[in-house]
Amino acid sequence: MKILLIVIPVVSLIFAIVNGRISEMSAGILDKSGEAVELVISLCGIMCFWCGIMRVAERAGLMEKLAKLLKPIVNFLFKSTKNNAKAAALITANLAANILGLGNASTPLGIAAMRELSNGSYSASDDMILLAVMNTASLQIIPTTAAALRAANGVTKPLDILPCVWIVSVYAAAIAIISAKVMGKFSRKRDKSE
């Protein structure tokens, strides 16, 4: 990834010089840099608002209630959590935070859950892969970042996308879980045949 972040600007600079468009490139960089700063500043207020709302929900016990609802699902999906209550609690809290749109809270929980699932091993288990895939699919009730971006770009009803987000995130989570489970079975069969 680091190489791409170096190669792309260098190649762009070379093409700008070859085509005699260095001044256009400089103007574009300055314009877009200013727009990026404006976007970040406009997002700060909206993100603070939604993070505050989610923090209130967390302190009101909504996250714990959601975690209790998710516990049977976690125990069903993650086989190694039956013997590891700490891993089950961390996974449940991580998924609950993701569902509530608390990305900042879910990241440390996900890392702690991965450490607990690893048992000191340097290779990823099926449960670790499943957790990573589920976090990537990002099942959410309130997509705070998407709503903040829409509001920053002048949309009057930034949350009118909720039904679509719910459908797509449930679909993505289901496909992610099924794919991880199927690939895990193929991997185990391949390992046994070798």
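In this predicted model, Arg 150 counts as partly exposed, at 22% relative accessibility. Arg 150 forms a salt bridge with Asp 160, the closest N and O atoms being 2.5 Å apart. Because Arg 150 lies in helix 7 (144-152) and Asp 160 in the loop between helix 7 and helix 8, the pair ties together parts that are 10 residues apart in sequence. Asp 160, for its part, is partly exposed, with a relative accessible area of 48%.

The count of salt bridges comes to 4, among them the following.

| Salt bridge | N to O distance |
|---|---|
| Arg 21 and Glu 24 | 3.6 Å |
| Glu 35 and Lys 32 | 3.4 Å |
| Asp 160 and Arg 150 | 2.5 Å |

Glu 35 and Lys 32 are separated by about one helical turn, since they stand 3 residues apart in helix 2 (residues 22-59). Glu 35 is partly exposed, with a relative accessible area of 43%, whereas Lys 32 is exposed, with a value of 54%. Arg 21 is partly exposed, with a relative accessible area of 48%.

When neighbours within four places in sequence are left aside, Ile 91 is in contact with Val 74, Phe 78, Thr 81, Ala 113, Leu 117 and Leu 131.

How values were computed. Residues are numbered from 1 along each chain as its sequence is written. This is a predicted model: local features need pLDDT of at least 70, side-chain atom pairs count only at pLDDT 80 or more; totals for chains, interfaces and linings use all residues. Side-chain values use heavy atoms; hydrogens and water are left out. Contact means heavy atoms within 4.5 Å. A salt bridge is a side-chain nitrogen of Lys or Arg within 4 Å of a carboxyl oxygen of Asp or Glu. Buried means under 20% relative accessible area, exposed over 50%, partly exposed in between (1.4 Å probe, protein chains only). Helices (H or I, at least four residues) and strands (E, at least two) are DSSP runs, numbered from the N terminus.
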